[in-house]
Amino acid sequence: MNVRALILGFVLALSALPALPQGFADMGRAADGFALPRRGAFSFPADHGAHPDFRIEWWYLTASLTGQDGTPYGAQWTLFRTALAPGEGEGWSSPQLWMGHAAVTTPERHLYAERLARGGIGQAGVTVEPFHAWIDDWQMTTRAAPGADALSALDLTAGGDAFSYALSLEATGPIVAQGEGGYSVKSAAGQASRYYSQPFYGVTGRVTIDGQTVPVTGQAWLDREWSSQPLAPDQTGWDWFSLMFDDGSRLMGFRLRDAGSGFTSATWIAADGTPTPMPPGALRVTPLREADVADRSVPVEWRLELPARGVDVTVTAVNPGAWMGTLVPYWEGPILIAGSHRGRGYLEMTGY
Amino acid sequence: MRAGLSALLSHWLRHPVQLAMLMLGLALATALWSGVQAINAEARASYDSAAAVLGQNRMERIVSQDGGPVAQDLYVALRRDGWKVSPVVEGRLPATDLRLLGIDPLTLPAGATSVPLRGGADLADFLSGGGRLYLNPETAAGLRPDGLPALRTDPGLPPGTGLTDVGVAQRLLGMEGRLSYLLVSPGAQPDRPLPQGLVRRAPDDGTDIARLTDSFHLNLTAFGFLAFAVGLFIVNSAIGLAFEQRRAMLRTLRALGLSARTLMGLVLLELLVLALAAGMTGIGLGYLVAAALLPDVAATLRGLYGAEVTGTLSLRPGWWLAGLGMAMAGTLLAAGQSLWRLWHLPLLAPAQPRAWARASARSLWRQGVAGAALLGLAAGLLAFGTGLGAGFGGLAALLIGAALCLPPVLILVTGLGGRMARGALVQWFWADTRQQVPGLSLALMALLLALAANIGVGTMVSSFRQTFVGWLDQRLASELYVTARSAQEARRLEAWLAPRTDAVLPILSAGTPLFGRPGEVYGITDHPTYRDNWPLLAALPDVWGRIAAGQGLMVNEQLYRAEALALGDAVDLPGGPLPVVGVYSDYGNPRPQVLMAPEALMARFPDTPRLRFGLRVDPDRAGALAAALVADFGLPDGAVVDQATLKALSLQVFERTFAVTAALNVLTLGIAGLAMVASLLTLSGLRLPQVAPVWAMGLTRRRLALLDFARTLLLAALTAMAALPLGLVLAWVLLAVVNVAAFGWRLPMQVFAGDLARLGGIALLAAGVAGLVPVLRLARIAPAALLRVFANER
C-alpha cells in the first residue's frame, strides 16, 4: 500500500483545488464526480496509461544505484497527474494537470528538479501503445519486446540545472498487485486506490552531475497508483520504506503519523513476486537518529522490525540532506540496510 | 544672534508684498517644474509596469522571425526538447482598448507576474471552466463587454491590461493554436539552435514605448524647466531688492559685532526657511497642476502612441523630495549674487544703495560675447547635429544665447536712440532708459524667453493643425468605413454593398517587423479615390500603376526619414524585398508603415483577414446607407463610421495633444509678467536718487511717471521685437528638427501674422500692467521723499 505518493498527489490537488470540503472523509463528496476505484483484475496494457476520470495518479520510480568505485547513488523519476475535473478536454481547456519530480542523490549531493504542465496540448502525458510517459524532455519509454509487458523494459531520462541521468531498466520479476488484487484499502472508512508495483528492475546507465558522467548499476522499483479520495484530515505525515533485500525478497512498509499512536502497514514480497499483505501493526518502526535539514529535524536512521518474517534491520540514509524543496516539499532518498537482512532501498518522509 | 535674526526677519513684516512676491515666484516655479515631473513620472511608471507585467523587462523572449504568431505545436516541441519557455498570447480585445495577455501559470517563470497565481483556489479558478480575467480596478470599472470571463481585480496590473489564461485569450482573440511569443525562463537552456523561423529577443524594458514617447516627455520637461527658470528671475529680483533695502541694517549689525560668518549663516537660514515654505506650497500646487493635466496627457499618449497611462496621480516620495531640492537649489542660485555681496560688504563704506544699474559695461559685453558664442553653438548643432538630443541642445543654446544677448542689444539700441534724440529731456529719457537696462535685464530676459516660446510653440501648433486638417481631408476620402465581424460576414457585405455604392475598397492590414521595429503593412486597391486624393511627398512616375502591378510599395514618412531611404531602395519583407516607389505623410502614427497592392499583401501574408472596407457613395446618400447597413444588413452600430465622425475623432486627439502645451504656455507667460512686476518694484525704490534731481529741475511727478511708463512699454516693445525672430526660429527648429526626430514627420511652416500681433499686444499689456504699480507710486510720491534724497545720504 503505497501511501506516500497519495500524500503528494493530495497536496498537489490541494494546492490546485478550491478549498477542500470539510470532512472529506465523506466519500460521496470527496469523489466530486470522479470515478471510484473498483475491485477486479487489472487490464494491461490499458492500465499502464492514464485514468483521467480519477482525481490523482502517478508513475513513481526510485532507483538504488552504485558507481564503479562503490559509491551509492539514488535516482527518482516521478510523474503525477491531478485533475481539476474528471475527464479530458480539448487543448488548454483540459482539466488535467501534470507534475514531474526528478532527483539524483549521492552521499554528498542531492539535486532535484520539478516540472509542471497542462494536459491537452501534448506537453506532458502518457500513451499506452507504445508505452511512453513524459513531461517536457523527461521520458519513461518502453523498450519491451513485442508481446512482453510494456513495463518489463524501460528507458528513463530526466535532468535539472546541474544533473541528468539516463537509465535502462530490465524487469527480473513479475508485476505485483498491492492490497486485495490491486484494490488497496486506505482507511477504516473504506477509502481505497488501485495500486500495483514493479519492484524487480535491474538497472544500468549513467548519472551526470556538474558535467561529470559516472556509469552506474543497481535496482529500481516502480509504483503505479490512481485514486479519487484524499486521506483523513488528522494524518500529519508519512514515513514510507521500500526495501530490496540482497536475497531477492522485497518489503514495502509505512507508518502513518497522527495525533495518536500512529498506524503501520506492510507487504512482504517473496523473491518470486508473491505478495503477502501483513496485518496492521505487524511492522514496528523506530526512529534512531535525527538530522537537521531545511530548517527542520528529520529522522534519518530507523530500526524496522517485522518478527513474522524474521526482519530486524537498521536503515540509514545515504545522504541525510535528501530534501525535495519542491512546490510540495518532502524528504526522499536512498537508504542502506543492515542487520538481519542486507540490501538497499528508498525512504520517503512527509509532513516534517 | 537672536536679535540679528529678528532684525533680518522684521524686514519681511514691513514689506509683505515683497515677501509675497518672493514666495509666489518660488512656489510657481516649483509648481510648474514638479507638476511636469509628476506627470512624467506617472507616465514612465505606467510604461514600466506595462513592461513588467509578465517580467518581459527581465526575461528573454522567443518570437517568430517574420513577426507573426508562433505555432502552439512549436511551443510544445520546444518544451519536449528541454527548453524552459512559457507561452504568451497578446492582443487587443476586439471593440475595446483592452490589451489582453494570456499566460500559462504552470510554466510561467517564478516572479514573472505580480498576480498571485501559484497554488490555491485562485489557480484552480484561473485554469478551469470559463477562466478568470484579472484587471486593474480602474480598468475593470470601465469594462462591460459580453463574453468575458469572470473579472478579478489586482492593483498590480497596469491600466488597460487584462491577464487571463492562455487558452481563454486564444479564444477571445481568435488565435486558437497560435501564440504571440514565448517567455524564456532565466537559467540554463539547451545548447541547441532554435528551430527555423524562431529567434531569441533580448528583454524588453519598455524601451519601445518609452522611446516613442520620449520626445513628448522631453517637451514637457523643457517647458517645466523654462517655467522654473523664469520663476527664478522673480526670486532673484525679490531677494536682490530685499538685500539692497537691508544693506544699512546689515552694516549696522556687522558694526554691532555680529561676525560676517554668523550674519551669513543667519541670512542663509532665513533663505532656506523661506525656500522650504515656498517649496512645499509649490509642490502642493504642482500636484494640483499635474492632477489637472494628467487626464489630458494620458488621453494624448493613448491617442498618439497607444501607450496606456493611469489617469490618477500617486504621490511618489522621490518626486516631492526632488521638488523641494529644486526649490532650495533655485533659491540659493537666485540669491548667489546677493550673498556674494553680503560676504564682501565693506564695513565702513557708506551704506548708499548701489543700484544694479551700476553694473559695469564690461560685464554686459562679456555677457554679449557669451550669448553670441551660444548662438553660434546653436547654429552648429542645428545644422550638423542629428537626433532629438541635438535638436533640444540647439534649442537650449539658442534660447539662452538670445537671452544673454538681449541686454547688450538693448544698451546699443537705447544708446543709438540717445544719440539721435533732440532736446535735453528726450536725451535724458534715452540715457535713463539705458541706465535701467542692466537692472531690468533679468526680467526682460524672462519676458523674451516666454514670448519666444509662445511664438514658437504657437506657430508650430498652428502650422501642424493646418497641415493636419488638410491632410485629413485628403486622406479620409471614402464617405463611409465599415468593419465586418467575420470573413463570412465580410463576403456577404461586399455582395450586399456592390449595387448600392460607387466603389467598395477593401482595407487590408498585417503586422510585420520593418527594419527591426514593429510595423504595419496596408493593402489598398488601385482606385481613383487614392490616385486623386492621396498626398505624396515623393514618388516615381506612375507610382500607382507600379503599386497595382505589385512592383513596388510606398513607405510612410516616418520610415522614410528614420531609415534615410531613397526612392528605389528595397524594403525587406516576408516573401522577398520590394522597392520604394513613393512616400506618403502619415501624421499621428508612431510606427513604420508600408503600403502595397492587396494581391501582393495576400501573397505575403495569407492569413490577413479581409474585414474592413472604405465605401464611395454620393455624400448625400452616405447617411442613408449607414443607417441601412445597421438596420437592413444587421451590422452593429460601431461597425459603420462616417467620414465626418472619423475626422472629428482625429482632430480631437490632435487638440488634446496640444492642450497641455497651451496650458503650460499661458502659465509661463504669466510668470514672466510677475517677474516684470518684481523687477520694476525693485528698481522704483532704488531710482529715487536719479529721479529726484530731474524733479528738482522742474519736471512734475506726473510727467515723470508718464515717462517711466513709456520707458517700461518701450523696453517691453523692444523685447517683443527681439522675441519675434527668435520665436520664428524656434518654430522652425521645432517643425524641421525636433518633430522629424521625435515623430518622424516634417511640416511646412506657416506664419500667422494675426497671432503674432495679438501676442505682441499681450506682451505690451503685460508690461503695462506690471509697470502700473511703480508708476502710480511715483506719481503719488510725497515731495518730502524726493527732497530727502538731497537731505541725507539716502
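A salt bridge joins A:R255 to A:D239, with the closest N and O atoms 3.0 Å apart. The term denotes a side-chain nitrogen of Lys or Arg within 4 Å of a carboxyl oxygen of Asp or Glu. This pair links distant parts of the chain, 16 residues apart. A:R255 sits in strand β15 (residues 250-257) of chain A, and A:D239 in strand β14 (residues 237-245) of chain A. Over all chains, a search of the whole structure finds 26 salt bridges. Helices (H or I, at least four residues) and strands (E, at least two) are DSSP runs, numbered from the N terminus.

The model is predicted, so local features need pLDDT of at least 70 and side-chain atom pairs count only at pLDDT 80 or more, while totals for chains, interfaces and linings use all residues. Residues are numbered from 1 along each chain as its sequence is written, chains are lettered from A and ligands numbered from 1 in the order in which they are written, and side-chain values use heavy atoms, with hydrogens and water left out.

Chain A and chain B share an interface. Chain A contributes 21 residues to the contact and chain B 25 residues, contact meaning heavy atoms within 4.5 Å. The two chains bury about 1,900 Å² between them, and 57% of this lies on carbon and sulfur atoms. Buried area is the accessible area (1.4 Å probe) that two parts lose on being put together, summed over both. A:W92, A:L116 and A:R118 supply 33% of the area that chain A buries against chain B, more than any other three residues.

Across this interface the rule finds 3 salt bridges. In a salt bridge between side chains, A:R118 meets B:D104 at 3.0 Å, N to O.

On the side of chain A that touches chain B, α1 (4-16), β4 (110-118) and β6 (132-135) of chain A each supply at least two residues. The largest share, 4 residues, comes from β4(A). By class, this side has 12 nonpolar, 4 polar and 5 charged residues. Ala, Val, Leu, Ile, Met, Phe, Trp, Tyr, Cys and Pro count as nonpolar, Asp, Glu, Lys and Arg as charged, and the others, Gly among them, as polar.

Chain B contains an open sheet of 8 strands with mixed pairing, in the order β6-β5-β7-β4-β3-β9-β1-β10. Two strands pair if DSSP finds at least two bridges between them. The edge strands, β6 (150-153) and β10 (198-201) of chain B, each pair on one side only. Neighbouring strands are turned by 30° against each other on average, direction ignored. Axes are lines fitted to C-alpha atoms, for helices over the stretch in contact, and angles run from 0 to 180 degrees between N-to-C directions. Within this sheet, β4 (residues 99-103) and β7 (residues 161-165) of chain B pair in the parallel sense over 5 bridges. B:I103 has B:D165 in β7(B) as its bridge partner. Helix α3 (residues 72-80) of chain B lies across β1 (61-64), β3 (85-92), β9 (181-184) and β10 of chain B, and runs at about 160° to β3(B).

Further along chain B, β12 (residues 503-514) and β13 (residues 517-524) pair in the antiparallel sense over 8 bridges. B:L508 stands opposite B:G523 in β13(B). These two strands form a hairpin with 2 residues between them, and B:F515 in the turn has a positive phi of about 50°. β13(B) also runs parallel to strand β18 (residues 593-596) of chain B, joined by 4 bridges. There, B:E520 stands opposite B:Q593.

Most residues other than glycine have a negative phi, and most peptide bonds are trans. Chain A holds exceptions. The peptide bond from A:F44 to A:P45 is cis, with omega near 5°. A:P45 is found in the loop between α2 (27-31) and β1 (56-67) of chain A. The bond from A:E129 to A:P130 is also cis, with omega near -5°.
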